[in-house]
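Thank you all for making time this morning.

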Amino acid sequence: MRKFLSFILVLLLAAGSAWAQADTVRMAYTVRGTVTDFQTGRALESVYVSIPGRHQATATNADGYFVIKSSQPIETLEFSYLGYRTRRLRASATMEVGLRREVLPLNEAMIVSGDAREIVMTALERLRETYCTEPEMLRCFYRETLQKRSRYIYVAEAVARLFKGQYNGSVGRDAAALEKSRVLVSQRVHDTLSVKAMGGPTQAITHDILKNNQIIFNANDLQLYSFTMEMPEYIGDRLQFVIRMTPAALADYALYNCKLYIDRELLTFTRIEAALDMSDRVKAINMILVRKPMGLRFFPDEASIVINYRLTPEGKSRMEYFRSTMRFTCDWRRRMFRTPYVAVNELVVTDVLPDAQPIPRGERFSTQDFLTDKAFEFQDPDFWNDYNIIEPSESLEHAIDRLRRGR
């Protein structure tokens with residue numbers, strides 16, 4: 001459980017397995033749009049877009065673009081983003097939404113007062129009350145991408161079901177199952193070196209830091225960190241304590257640099273940003289790398305995750321968004337230049353399903369499985385039809401087109 005993100009550097013072969021498609025309700029209603037900063041016009045990525053009173057949701061892509069679908073007419077949409085005021089707007093077929101930054105109305109000294117460690121410990125002690133206590137079945141969209149320099153050389157996508165059991169400090173009963181998936185791999189000879197991410201969508205289960213207390217928030221590791229209060233921020237309309245966790249002692253393994261957002265009123269975790277400490281590269285590599293080809297040298301620069309949690313109508317915390325980022329360079333011995341790579345895995349909860357029964361063992365996606373080995377080739381342009389997904393950005397769409405043409 002010390003592993004941060006388990007990657008294997010391998011010679012990646014094109015996948016060709018079949019996919020299983022679950023029955024879905026026809027999504028006859030669609031809203032498209034873009035979300036930007038109201039003042040600057042800058043596109044906002046990873047804005048959470050949801051239908052109030054329902055479970056359908058999605059997130060904006062790197063261009064601020066979104067598409068959301070429903071089986072019922074969509075009358076209202078809600079837009080929520082870190083540091084910005086939440087907006088509820090009447091929906092139309094196409095929308096252009098500008099979000100305004102939230103201004104702190106309180107005195108600084110009053111806001112940042114309090115003992116940072118004590119606030120974190122209190123929030124952790126309250127998890128049995130504040131985390132979702134009933135089992136849930138979530139439908140999610142998941143995407144893996146790999147860039148070599150500025151060019152995408154691998155894209156894999158899936159819709160998955162995640163079963164989340166009741167809170168007990170463990171993820172032992174939680175599981176994922178694929179509903180539909182596809183993959184594209186560069187066929188260029190010089191792009192054969194790639195990354196396989198173990199577990200695919202199950203990473204959002206094993207790295208649910210609030211529920212899996214073997215990662216960071218265990219009694220032994222918490223003693224190794226210092227806690228510092230930073231200026232608060234809004235997430236939606238709720239004011240957050242912002243607390244920095246930094247390594248304060250030596251350990252046999254790499255620690256993390258974390259930024260925690262805790263709801264000031266409810267003392268629930270709203271967002272966690274965790275980056276592996278790279279000050280000791282040997283320890284960092286031991287936490288990241290499982291296997292690599294002989295003669296390849298691996299130099300990690302970043303291994304980080306971001307997890308957003310959302311309050312349910314019952315006031316419980318539920319994971320809504322997960323993103324992992326790996327930046328590294330590689331070279332073969334005796335070669336002069338290193339090649340930079342960026343691997344990103346992203347998951348958004350798009351629906352809460354009514355049947356929260358555990359996933360049968362034969363359908364489970366294992367933490368040792370690779371999405372590339374199970375996904376179907378990109379072929380059908382209407383592949384996702386009635387699923388909510390994170391739309392590909394313009395650059396990713398261009399990359400997909402090039403990969404389809406073998407370029």
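I will begin with the whole chain, go on to its sheets and the helices beside them, and end with a single residue.

Please bear in mind throughout that what you are looking at is a predicted model. The protein has 407 residues, of which 56% are buried, and its secondary structure comes to seven helices and 21 strands. If we take the contacts between residues at least 6 apart in sequence, 69% of them join residues at least 24 apart. As for the surface, the protein exposes about 18700 Å², with carbon and sulfur atoms supplying 48% of that area.

Let me turn to the sheet of 11 strands, which is open and has mixed pairing, and whose strands follow the order 13-14-15-16-18-19-20-9-10-11-21. At its edges stand strand 13, residues 225-235, and strand 21, residues 376-377, and because each has a single partner strand, one side of each is left without a neighbour in the sheet.

Within this order, strand 19, which covers residues 317-332, pairs with strand 20, residues 339-353, in the antiparallel sense over 10 bridges.

Strand 11 deserves a moment of its own, since it is mostly covered, with 11 of its 11 residues buried. Strand 10 pairs with strand 11 in the antiparallel sense over 10 bridges, and in strand 11 the residue V183 is the bridge partner of A156. Strand 11 is also joined to strand 21, this time by two bridges and with the strands running parallel, and here V183 stands opposite E377.

There is also an open sheet of three strands, in the order 5-2-8 and again with mixed pairing. Strand 5, residues 65-70, and strand 8, residues 94-99, stand at the edges, and since each has a single partner strand, one side of each is left without a neighbour in the sheet. From one strand to the next, the twist averages 30 degrees.

To finish, I would like to look at one residue in strand 10, namely L162. Is L162 buried or exposed? Its relative accessibility is 2%, and because anything under 20% is called buried, L162 counts as buried. The C-alpha atom of L162 is separated by 5.0 Å from that of L138, although the two residues are 24 apart along the chain. Which residues is L162 in contact with, once its neighbours within four places in sequence are left aside? They are E136, M137, L138, C140, A175, A176, P201, A204, I205 and L347.

That is where I will stop, and I am glad to go back to any part of the model.

Technical notes:
Residues numbered from 1 in each chain as written. Predicted model: local features only at pLDDT ≥ 70, side-chain atom pairs only at ≥ 80, totals over all residues. Heavy atoms only, no water. Pairing = 2+ DSSP bridges. Helix = DSSP H or I, 4+ residues; strand = E, 2+ residues; numbered from the N terminus. Buried < 20%, exposed > 50% of the residue type's maximum accessible area, 1.4 Å probe, protein only. Axes fitted to C-alpha atoms, helices over the stretch in contact; angles between N-to-C directions. Contact = heavy atoms within 4.5 Å. Areas by Shrake-Rupley, 256 points an atom, 1.4 Å probe, with all protein chains shown as cover.
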